[in-house]
Amino acid sequence: MSQTTISTSATASTRTSTTAPAAGTEQELAEFDRTTSRWGRLTMLAGLLISLAGPIYLVFFTGLEISAGQLWTAFAAVAAVFAVIWVVEPATYFPILGPAAMYQAFMIGNISSKLLPAALVAQNRIGAKPGTRRGDFAAVAAICGAAAVHLVSLAIFVGFLGTWLISIIPAGLIDVARLYILPAVMGAVIVQSIVTIKQPRVTIIAAAVAVLIQFVVLPVAPGIAFVTTGIAVAATILASWLARDRKPVAAAAD
Amino acid sequence: MPAIVSQAVAAGGGSTDILAAANNPVLWACAAGVFAVIILQSVIYMKAARKAAPAAGMTPSELKVSFRSGAVAAIGPSLAVVMVAIALLAVFGTPAVLSRIGLIGSAAYDAGSASIAAKTSGAELGGPTYTQNIFAIAFFAMSIGGAMWMLSTLILTPLMKRGGTKLAKVNPAAMSIVPGAALLGAFMALGAAEVPKSSIHVLALGTSAAVMGVCIFLGKRPKLSWLREWGLGFAIVAALAVAFMAHTAGAPAA
């Protein structure tokens, strides 16, 4: 998410106007596009379905008592918070990754912390510009390399070692980890997003909104507990928009 | 293990033995399925890239270099993700962590979604109200959130490929404010919600934020830049360690 402000307009023209050499190479490139968009989409769709199959099985076929209403409410609450990001993030990364790598990146995950750096290092290494054909190919190959390393380290260190670790750790320790995991994650994530987003005005507004909702609005209306995050997101966007710097946005690219 | 699982879940999902439900063999199979899909995709992509590389003005060795630099660049970030994933094992179990935090999503979004989803059922992630039912709802919400990301990638990528990056051009002012405001609003609110829970929650939140801040600050030096990607892992582990000490010191009876 760190690259939100990367100028997307500059690369648009480069992408469409990439050299159009001999007909044979043009055909090969078209075939690459066909293969990657067909298989990229198919594999991503498969990944999507398989990743949903797990929780759906758990919810409906293991004897848990969960109502459809609970699931819909949970989904609505999550959508209220992250729906904007669902749309914005793919639009943000497209100019850097190129169409083929999009289907890789959003399935492998950890894009800003792992895949983008990998793609940029590779592009840099062979002197290819993002948004060009060479840049796209370098990104695709780099992400394949990153995926290979990532899958292996996940399988070994989390799949085997982690599972073993969790089986020998005393239950008391696991309970404590579980109890405090959320503040342990969020403290760091807040600092990280403040630093990467680099918008002091928005940061102050977001902090004020969060405090206001949590300590003023919520005590008055405890019924809204489950939608507070969604409200905070909407209020922060609205207030940041109203309080935006109205000077020309020429500096937005950096 | 299957026998234990069905026994544990037979209680209607009111049990807090999360790992019994989280280690369901079907969930393991789904996590393995996501791995398999990514491997398949990488193989198809690399084959297609190798075939079309010359047409893109790229030598086979440049493609190999890109793959290798992507792999090398991913080692650090991958291990950093591993560290975060292991810390989250106690909350979500191995299969969910592998497919959600390890792949597709990230710790911040998925812990956030899980917490938001738990709240819609009047429970808290990780606390005594965190039953198997709540775990399943949280896992469902994280997964469908990830699915929406992939869905919007599937829909937007062909559109952006055809129309350049019109989407980002619609309103540069909005694009420079809305994503950052949405993220900061979400994470600030999620963090603020931890504050009233207990003084140890505040301690964990503060420790995590402080460690992250130090990592980012020191990470500005070229030699210590690796600290930036490890920050989240260090912050989580430090916060959990401090919380553990405070927890055991403060409540010996519990």
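The term covers a side-chain nitrogen of Lys or Arg within 4 Å of a carboxyl oxygen of Asp or Glu. Because the model is predicted, local features need pLDDT of at least 70 and side-chain atom pairs pLDDT 80 or more, while totals for chains, interfaces and linings use all residues; side-chain values use heavy atoms, without hydrogens and water. Residues are numbered from 1 along each chain as its sequence is written, with chains lettered from A and ligands numbered from 1 in the order written.

**Stop 1: across the chains.** Select E31(A) and K51(B). Their side chains form a salt bridge at 2.9 Å, N to O. The pair runs from helix α2 (residues 23-61) of chain A to helix α3 of chain B. Helices here are DSSP runs of H or I with at least four residues, and strands are E runs of at least two, numbered from the N terminus. E31(A) is partly exposed at 33% relative accessibility; K51(B) is exposed at 57%. Buried means under 20% relative accessible area, exposed over 50%, and partly exposed in between (1.4 Å probe, protein chains only).

**Stop 2: within chain A.** Select R133(A) and D33(A). Their closest N and O atoms are 2.8 Å apart, in a salt bridge. R133(A) sits in helix α5 (residues 133-168) and D33(A) in helix α2, so the pair ties together parts 100 residues apart in sequence. R133(A) is partly exposed at 22%, whereas D33(A) is buried at 18%.

**Stop 3: within chain B.** Select R100(B) and D110(B). This salt bridge spans 3.6 Å, N to O. R100(B) lies in helix α4 and D110(B) in helix α5 (residues 107-120), so parts 10 residues apart in sequence are tied together. Both R100(B) and D110(B) are buried.

**Stop 4: the annotated spans.** Which residues of chain B does UniProt list as "transmembrane region"? The unreviewed entry gives 26-46, 67-92, 134-160, 172-193, 199-218 and 230-249; such annotations may be inferred rather than shown by experiment, and positions follow the numbering used here. Select 134-160 of chain B: the span is 100% helix, with its end C-alpha atoms 38 Å apart. Residues 230-249 of chain B are also 100% helix, with end C-alpha atoms 29 Å apart.

**Last stop: chain A as a whole.** Colour by secondary structure. Chain A has eight helices and zero strands. Of its 254 residues, 50% count as buried.
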